[in-house]
Amino acid sequence: MCNSSWAWSGPPGCGGRWCSAPPCRGEICLELALRHPEEFSGIIACEASDHIQGRQVGWADHAQVNQSIFVPEWIEGLMAPHSPAACAADIWWHYSQGGHATFARDIEFYSGEWDARGRVQRIDTTRCPLFMLTGEYDYSCTVEHSAATAARIAGARFQPMPGMGHFPFAENPPLFAEYLLPILAALRGAG
């Protein structure tokens, strides 16, 4: 169900397990809220939308393109321009490590196979609270995409994240904590 790297037992007094995930996995959070609400006390979906179009590009799977250079260069544009340099470099390095077409396969799911436009409205936030966060500099899953998705889910709580891009966990952890900690406090209060 939920990989241990992004599903946790809730903080003390939080009342159970909660789930949050890095970008591209925000969609998985929506799917978990739909299919397994009883498994979680709350779900925090970052950079999530019911459908993203236009992110697939031919060069991401082209044998003559050095993906260890082009993929991280493309990804770098998704970060807030003032993200700490060390954090941005870590994200760049991470994306430079994928094998041929690894990124392309990820994007095929994210911007192709994933389509929950006819299903997200069935998420029951009375069984599992759903929080959605999206960075203002994310041009892949925009604030508008996430807000429109949240509007289709009764009880979903959406918040844009000024000063953040597509990688809130990694690109500026202290700033991300300012958005995450109030949600954890709300989950604790509901537990």
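**Entry 1: the crossover**

I started with the β-α-β unit made by E4, helix H5 (residues 143-151) and E5, and I noted it as right-handed. For handedness I used this convention: with the strands pointing away from the viewer, the path from the first strand over the helix to the second runs clockwise. Helices here are DSSP runs of H or I with at least four residues, strands are runs of E with at least two, and the numbering goes from the N terminus.

Ground rules for myself: this is a predicted model, so local features need pLDDT of at least 70 and side-chain atom pairs count only at pLDDT 80 or more, while totals for chains, interfaces and linings use all residues. Residues are numbered from 1 along each chain as its sequence is written, and side-chain values use heavy atoms, with hydrogens and water left out.

**Entry 2: strand E4**

Is E4 buried or exposed? I found six of the six residues of E4 (residues 130-135) buried, so the rest of the structure largely encloses this strand. Buried means under 20% relative accessible area, exposed means over 50%, and partly exposed is in between, with a 1.4 Å probe and protein chains only.

I then sorted the E4 residues by direction. Leu-130, Met-132 and Thr-134 point one way, Phe-131, Leu-133 and Gly-135 point the other way, and all are buried.

**Entry 3: partners of E4**

Which strands pair with E4? Pairing needs at least two DSSP bridges between the strands. Strand E3 (residues 42-46) pairs with E4 in the parallel sense, over four bridges. Strand E5 (residues 157-161) also runs parallel to E4, and five bridges join the two.

I looked up a few individual positions. Cys-46 has Leu-133 in E4 as its bridge partner, and Ala-45 has Met-132 in E4. Over towards E5, Thr-134 stands opposite Pro-160.

Five of the five residues are buried, so E3 is largely enclosed by the rest of the structure. Gly-42, Ile-44 and Cys-46 point one way from E3, Ile-43 and Ala-45 the other way, and all are buried.

Glu-47 has a positive phi of about 55° although it is not a glycine. Glu-47 sits in the loop between E3 and helix H2 (67-76), and at 0% relative accessibility it counts as buried.

**Entry 4: Glu-31**

Another glutamate, this one in helix H1 (residues 26-35). Glu-31 counts as buried, at 11% relative accessibility. What does Glu-31 touch, not counting residues up to four places away in sequence? I got His-36, Trp-114 and Arg-119, taking contact as heavy atoms within 4.5 Å.

The side chains of Glu-31 and Arg-119 are joined by a polar contact of 2.8 Å. A polar contact is a pair of N or O atoms within 3.5 Å; within protein, one must be able to donate a hydrogen and the other to accept it, and residues adjacent in sequence count only if both atoms are side-chain atoms.

I found Gln-97 in the loop between helix H3 (85-96) and H4. Gln-97 counts as partly exposed, at 46% relative accessibility. A polar atom of its side chain lies 3.4 Å from the backbone oxygen of Trp-93.

Phe-109 belongs to helix H4 (residues 102-113) and counts as partly exposed at 25% relative accessibility. Phe-109 and Glu-27 are 82 residues apart along the chain, and their C-alpha atoms are separated by 9.8 Å.

**Entry 5: cysteines**

How many disulfides does the structure hold? I got zero, using a pair of cysteine sulfur atoms within 2.5 Å as the test. Cys-87 is buried at 16% relative accessible area, and Cys-141 is buried at 0% relative accessibility.

**Entry 6: whole chain**

Last, the totals. I counted seven helices and five strands, in the order β-β-α-β-α-α-α-β-α-β-α-α from the N terminus on. Of the 191 residues, 51% count as buried. Among contacts between residues at least 6 apart in sequence, 71% join residues at least 24 apart. The chain exposes about 8,800 Å², and carbon and sulfur atoms supply 55% of that; the areas come from the Shrake-Rupley method with a 1.4 Å probe, and for residues only the protein chains shown count as cover.
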